[in-house]
Structures are given as C-alpha cells and as structure tokens.
Amino acid sequence: FNIVGIACATCAIRGAFGETVPGNRVFLFFRPDYARRMLQASTEAGIEAPIRLYVTEAADGTARVTYRPPSDVFGAYGIDALSVLGRELDAHVAAILKAADEAG
C-alpha cells in the first residue's frame with residue numbers, strides 16, 4: 001500500500017493559532033490495483049478512496065485508531081465487485097493495524 005497523504009489538524013492549529021491540541025493524524029493510503037478495480041466497478045465510488053485511518057492521542061499518551069471498515073464503505077453501493085473489494089481491504093487494514101501494534 002502507498003501512503004498518499006497525511007493530514008494533521010494538530011499541526012495546522014499550532015501553526016495558525018499557536019494552540020496545542022491532542023495529537024492527531026489522518027493517514028490516507030491505497031494501492032493502484034485496488035483503485036483500478038474500484039473504478040471499474042463504479043466511478044462514483046472513487047470518492048471513497050483513499051482509505052483513511054484517523055489516529056488520535058489519548059491523555060495518557062496512547063494512541064487510538066478510528067476508521068470505517070472498507071467493507072462498510074464499499075458495501076454501501078450494493079455492487080458485488082465493490083463488496084468483494086471491501087472485504088479484501090478489511091483484511092489488509094487489519095494486517096496494517098496489527099503490524100503497527102506489534103511495532104509498538
């Protein structure tokens with residue numbers, strides 16, 4: 001998977017207002033082969049890519065990850081090919097999160 005972007009509200013707020021808020025990042029990632037399959041199934045579904053993981057800092061310094069499972073996102077279209085793709089992506093996201101957790 002390729003990280004195609006990282007958004008940081010914490011950074012923007014600090015830069016614009018000099019304020020400190022709990023750390024957060026939105027990681028945007030996808031793979032060209034999945035993008036191709038998604039767009040072949042539905043150009044409208046293109047709004048759903050890239051996959052987003054929202055990582056926030058808790059008061060105790062730990063991190064929390066929030067995301068919408070790809071199977072929910074793509075399954076909402078009611079198109080079999082997108083539902084299959086969403087389930088495959090669920091497994092990839094789970095593997096990414098497991099690897100990140102193991103890395104500490």
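A residue is called buried when its relative accessible area is under 20%. Thr-56 has 18% relative accessibility, so Thr-56 counts as buried. This comes from a predicted model.

Thr-56 sits in strand β3, which covers residues 51-57. Leaving aside residues up to four places away in sequence, Thr-56 touches Gly-23, Asn-24, Thr-62, Ala-63 and Arg-64.

## Helix α4

Helix α4 runs over residues 80-103, 24 residues in total. From first C-alpha to last, α4 reaches 35 Å. That is close to the 34 Å expected at 1.5 Å a residue. Just after α4 comes Gly-104, with a positive phi of about 85 degrees.

Which residues of α4 are buried? They are Leu-82, Ser-83, Leu-85, Gly-86, Leu-89 and Val-93.

## The disulfide

The structure holds 1 disulfide. Cys-8 and Cys-11 form it, with their sulfur atoms 2.1 Å apart. The torsion about their S-S bond is about 80 degrees, so the disulfide is right-handed.

Are the two cysteines buried or partly exposed? Cys-8 has a relative accessible area of 17%, so Cys-8 is buried. Cys-11 has 33% relative accessibility and therefore counts as partly exposed.

How values were computed
Residues numbered from 1 in each chain as written. Predicted model: local features only at pLDDT ≥ 70, side-chain atom pairs only at ≥ 80, totals over all residues. Heavy atoms only, no water. Helix = DSSP H or I, 4+ residues; strand = E, 2+ residues; numbered from the N terminus. Buried < 20%, exposed > 50% of the residue type's maximum accessible area, 1.4 Å probe, protein only. Contact = heavy atoms within 4.5 Å. Expected span 1.5 Å × (residues − 1). Disulfide = S-S within 2.5 Å.
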